[in-house]
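Hi,

Here is the structure I promised to pass on to you.

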Amino acid sequence: MLKKFFIALTGSLAAIWISIILLFIMTVVAITTAIASSSQSSSVKIRDHSILKIELSGSIPERLEGSGSLIDQLYQTQSDKSATSVSEIVAAINTAADDNRIDGLYLYCQSASMGLAGRIEIRDAVMNFKDSGKWVIAYGDNYDQGDYIVATAADSLIVNPVGAVDIHGLASQTIYFKGLLDKLGVEMQVIKVGSFKSAVEPFILTGPSEASLLQQRSYVNGIWSTLVPMVAESRGVTEEQVNMWADSLAFTWPVERLIKERIVTGAAYEHSVDQLLADLTKRKKIEDLRFLTPNEYAQGTSILPDDNRQSEIAVLYAVGDINDSGTKGIVPSQLIPIIDDLADDDDVKGLVLRVNSGGGSAFASEQIWEALQRFKESGKPFYVSMSDYAASGGYYISCGADEIFAMPQTLTGSIGIFGMIPCAQGLVHDKLGLNISTVASNANGAFPTLTAPMTPFQRASMQRMVEEGYELFTSRVAQGRNMPIDSIKAIAEGRVWYGVQALDNGLVDALGTLDDAITAMTDKLKLSSYSVNYYPEINQSLWEMILSAQADMEYKIVSDHLGDSYLLWEASRWLSALAPIQARAENIRLE
């Protein structure tokens, strides 16, 4: 026994020391990377006849959240170090349009992962860049549909001679878990308000309800109808032709037909495109090309409006799930102090909340809504700019704004509330053979529990709580939009709307980008000179990186070892962490 104890103790001590050594190594790597990055940034010099190169590859988030964790530093490759975001790309393109050192723009399309609204913001920036008279060239080995939509803004759209262009339209797919849950012996007990509140359907149905199908068809077809005219106009074809491309699986066509159908302007290998760029910028050799990524361009010049602290417009990002606590997503304890500081800062003349969220905790959404109301009491304007999503809780925190801007492709609304409590009695008792004995002082002493279904009284109490939350939510929207409560409820019921519909329904005030929202605010304030500062600040201290290393290590190890099964593990973690009452839209991914 004693021998086993010492073996176990030795193993534990070894594990601790290994963790310490790994942490030390990661710290050294992080410091070294930071020093190298600092050295590199100070040496960036922008020369004449440079090209702004936008690499549409990998994951392009709404905004970079910092230098990354220690784990990220270890996993980072050289190509990752040019990682950028939608906001940085748009700012770089807008600035380069008036920069005489930048001859043109090169869209290097290699299958970026990002939302539609973000893509259109980039595309709009490219179109504005062309107004300067400078050229735009796009190249891709194989264009996926999202990259292609952006690339159609280019003057020359070039594909590899043996490449392809994927145009297939839009689709929304949902995985339904009820069959799996039934086999496991788990029942999801759902309480909701709103016939369109379909976020819970995957857990209680084996297929979509009629209401869900109705709204899905509406926003899928509606958003596609906003994209087709862009492509048609840029390529000089009719909208019917664009839909014919999609219906005909154009990615199977030979390049000769892609050129004939005007899907692309030409075909060439990448080195030939590089030679074209060299010719355009008066470079004798390809090796002399002066490419600048948005990161490098930002290091060599200011990509923000005039730096005048006396007139600051604050852009506050609210991205991800809305959570009661923690460090990920939108958390009141992190966001509210920033809102209060901005309200008290005399240099801040107005706030633009940039929202990209499908919602989450109803309680947390209310706390953020109230903080933004306090900001309005300072007398400063408060605008909202919506990105890919501003639905359910994402709309909750937006609805009190003086002006709301959405992209035509934004998914918003979903004004509804639900609660979801799993009951695993069938799994625990029937399948695993476990019996649970509970002793409680009162009838509801063990509520909520995973091992017993809700009683009629408990379900009725939860239903009342959800309905009260719905009444509060709709009243907040009615107050913010200055509309009768009955009018709000007629477009609520948990229904998801896309941007054009949201404008027609009065849920937003205008269609436009983040830049459009900022411009509208500066016009209202009559500011001729101003600065734009972005919050939360993204610089992460070394200590914060060390504290998050354990969670990141867990994620990397589990995701690598579980592979596709990681999704199930993550889903179970997500369910266990859900707040009891949710203002959350369904997870919609349009492809």
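Below is what I found, from the whole chain down to single pairs.

First, how to read the values: this is a predicted model, in which local features need pLDDT of at least 70 and side-chain atom pairs count only at pLDDT 80 or more, while totals for chains, interfaces and linings use all residues. Residues are numbered from 1 along each chain as its sequence is written, and side-chain values use heavy atoms, with hydrogens and water left out.

The chain has 22 helices and 18 strands, taken as DSSP runs numbered from the N terminus (helices H or I, at least four residues; strands E, at least two). Of its 591 residues, 48% are buried; here buried is under 20% relative accessible area, exposed is over 50%, and partly exposed is in between (1.4 Å probe, protein chains only). The accessible surface is about 28300 Å², and carbon and sulfur atoms account for 55% of that (Shrake-Rupley method with a 1.4 Å probe; for residues, only the protein chains shown count as cover). Taking contacts as heavy atoms within 4.5 Å, 77% of those between residues at least 6 apart in sequence join residues at least 24 apart.

Now the charged pairs. The whole structure holds 15 salt bridges, each a side-chain nitrogen of Lys or Arg within 4 Å of a carboxyl oxygen of Asp or Glu. One of them joins Arg584 and Asp321 at 3.4 Å, N to O. That pair spans 263 residues, from strand β18 (residues 581-584) to the loop between β8 (312-319) and α13 (332-344). Arg584 is buried at 8%, whereas Asp321 is partly exposed at 30%.

Arg476 and Glu366 meet at 2.7 Å, N to O, linking helix α17 to helix α14 across 110 residues. Arg476 counts as buried at 17% relative accessibility, and so does Glu366 at 14%. Arg374 and Asp340 have their closest N and O atoms 2.8 Å apart; Arg374 lies in helix α14 (residues 362-377) and Asp340 in helix α13, so this bridge ties together parts 34 residues apart in sequence.

As for cysteines, the count of disulfides (cysteine sulfur atoms within 2.5 Å) is 0. Cys109 is buried at 1% relative accessible area, and Cys423 is buried at 4%.

Happy to talk any of this through.

Best wishes
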